[in-house]
Amino acid sequence: MSDSREAEKIPVTVLTGYLGAGKTTLLNRILSEPHGKRYAVVVNEFGEIGIDNELVIGADEEVFEMNNGCICCTVRGDLIRIIEGLMRRKGKFDAIIVETTGLADPAPVAQTFFVDEDVQKAARLDAVVTVADAKWLSHRLRDAPEAKNQIAFADVIIVNKTDLVSPAELREVEARIRAINPYASLHRARNCDVALADVLERRAFDLDRILDIEPDFLHAEDHDHDHDHGHDHVHEHHGLKHFHDEDMQSVSIRLDGDVDPAKFMPWINRITQEQGVNILRCKGIVAMKDDPKRFVFQGVHMMLDGDSQREWRSDEKRESKVVFIGRNLEEDDIRKGFLACAA
Amino acid sequence: MTESQATTSLTQHLRAFDAGAQVVAAAFLGDAPALTLADGAVLLGEPDAAKRIATHPDAAILSAVCDGETLLAGGDDGRVVALRAGGETETIAEEKGRWIDALALRGRNFAWSAGKAVRARDEAGVVKTREAPSSVRGLAFQPKGYRLAATHYNGVTLWFPKVEGAPQVLEWKGAHLDATFSPDGRFLVSSMQENALHGWRLVDARNMRMTGYPGKTRSLSWSHDGNWLATSGAEASVVWPFKDKDGPMGKAPRECGVREARVTRVAFHPRALVLAIGYADGLVLLCRLADAAEILVRRPGGGPVSALAWSGNGSRLLIGLESGEAGLLNLPG
């Protein structure tokens, strides 16, 4: 796929967040700023929320199971239909924003962009942006699995309504977010007053951008990994609180040097097949033996997308890193499996 | 085989012209070429004298069907508009704030869908409504009787709009897109999200799976004798035999026009077993079913062919592309 054709694809930003977190506020902010861009907005509960935009399409959140042998493969049927229809207005808008309901699982939305050939030709998933309520997120993480999914899945997390919490509470909610997803870029906001550049045109699903957009990627494994996973288990070091969420974790593994592609490829395929139901997202940058280029991959549940990227620079250390975010991940199995791929 | 495989060409008989916008559908309305355009208009008439008829001003046309006398177009403004050969238009329906996703037309029976809502209008103008279990992507009238097929997730609903009570649902797991009845009404075939076709023999609702496509099939065309169904979605047109009582079951389909480009549109000639095939690279050829002999109509270029239609007597072929390029072939002799 040539760069120019990729560049022609319509970027799609997916807005998630639990009820009342501020999705609509963010949406209206995006639409009202003088950026000169024209958006097609896909919303739910059509007509019930005031959105001032020329092109607003009501969606039904129809989640379809695909009969392709992949048990967690679901797509948003309505989104396929809507993107196909929007292509009839090609050239009349610059980007698409999909707002999901508070209870939506982001995976079927993201998988739509992997699975449907027509959608893939026309549009590209730019980022999953999750709006979190600073005051209520901690509660929702306890009682609403959807809220946890939305945090785990996000590329960008906006911690909204920070004015309603104390600095200590804010640190706590951020630590809880980081316990689930250390890789998303995190922004504090009061009335969703984030810079739009932090939300739009993130290219979070571009293989080329996998490292650039993850400021915490390199530090992720620097904190102690205590395997005594208990709810609300807190340990402090370097002045930072660390939480361990009892069922949603991230696993990141670094391997100094190269991996053997003959071992790595079967392993990554096997692990995403076997644990794909539990793996929400995975990413990695891998140094393949005898390959001057970096191999990058990313995945959503059982779907994997990978490619050879730019060459390793001479001042760059050849090392291999993989990250998995998911529910009840078999961490030891993943860790041992990856380390066994060493060349 | 070498004789018949030598590709002859009709390209000198093709008149290229600019439709001005992405072509959604091609048809002949009366004798006049009619290109339905994404930008809300129908281009009606001969290439040098065509009139742009704005059926959906400031909107996009999502769906269109034509039976030669009426062209029905549905827009993302929620309007269903009928266009006649003389150029006059009639608004059939307005679904405020909705999109018209699918249409069907047979004589003076019209049907349209907007999301899950399916509506059918009879000769007298009486409109009946039925809610499908999920959004409807395809509609088709049964050849005889006032009965409508509507595709949705996990099956197709067969509905007699004038009959109260539960309609028949033909179930098959997966999302169904387009629907078409065989001309004799014995079979119903749907295209699916899962790169497959599904068919039912209507007398006993027996299932027929037609798989092996690398892409989605969005163009289906029956031969004039009703014995063959040509399909898009592969690097050839896959043509399924429907002559026997079991339809294509247990039989291998034919492949017409094998190339290294995806077939995007197919249209059987109205009087002969000759298939017009349009590809993702803009090429159009005719393929004779009997011996797979090919005749080139349009050289590659301009992107995917998005519309193909024969005139009623089969003397002309109208071609439309996503890019807005168009062509009209006049068969010599």
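Let me start where the two chains meet: in this model, which is a predicted one, 16 residues of chain A are in contact with 21 residues of chain B. If we look at the side of chain A that touches chain B, the elements that give two or more residues to it are α3 (77-86) and α5 (117-122) of chain A, and of these α3(A) provides the largest share, namely four residues. What classes of residue do we find on the side of chain A that touches chain B? Sorted by class, that side has eight charged residues, five polar ones and three nonpolar ones.

Let me now turn to chain A by itself. Its secondary structure amounts to 10 helices and 16 strands, and of its 343 residues 43% are buried. When we take the contacts in chain A between residues at least 6 apart in sequence, 75% of them join residues at least 24 apart.

Chain A is divided into two parts, with domain 1 covering 3-209 and domain 2 covering 247-339, and the centres of these two domains, taken over C-alpha atoms, are separated by 25 Å. The contact between them involves 19 residues from domain 1 of chain A and 17 residues from domain 2 of chain A. On the domain 1 side of that contact, α4 (106-115) and α7 (145-153) of chain A each supply at least two residues, and by class this side consists of 14 nonpolar, three polar and two charged residues.

Finally, a sheet in chain B, in which four strands in the order β3-β4-β5-β6 form an open arrangement with antiparallel pairing. Why is one side of β3 and of β6 left without a neighbour in the sheet? Both β3 (23-29) and β6 (51-53) of chain B stand at the edges and have a single partner strand each, so one side of each has no neighbour there. On average, and with direction ignored, neighbouring strands of this sheet are turned by 20 degrees against each other. For β3(B), six bridges join it to the antiparallel strand β4 (residues 32-37) of chain B, and B:Phe28 stands opposite B:Pro33 in β4(B).

Note on methods:
Residues numbered from 1 in each chain as written. Chains lettered and ligands numbered in written order. Predicted model: local features only at pLDDT ≥ 70, side-chain atom pairs only at ≥ 80, totals over all residues. Buried ≥ 20, exposed ≤ 12 C-beta atoms within 10 Å, placed from the backbone. Contact = placed C-beta atoms within 7 Å. Domains from an automatic or database assignment. Nonpolar A, V, L, I, M, F, W, Y, C, P; charged D, E, K, R; others polar. Pairing = 2+ DSSP bridges. Axes fitted to C-alpha atoms, helices over the stretch in contact; angles between N-to-C directions.
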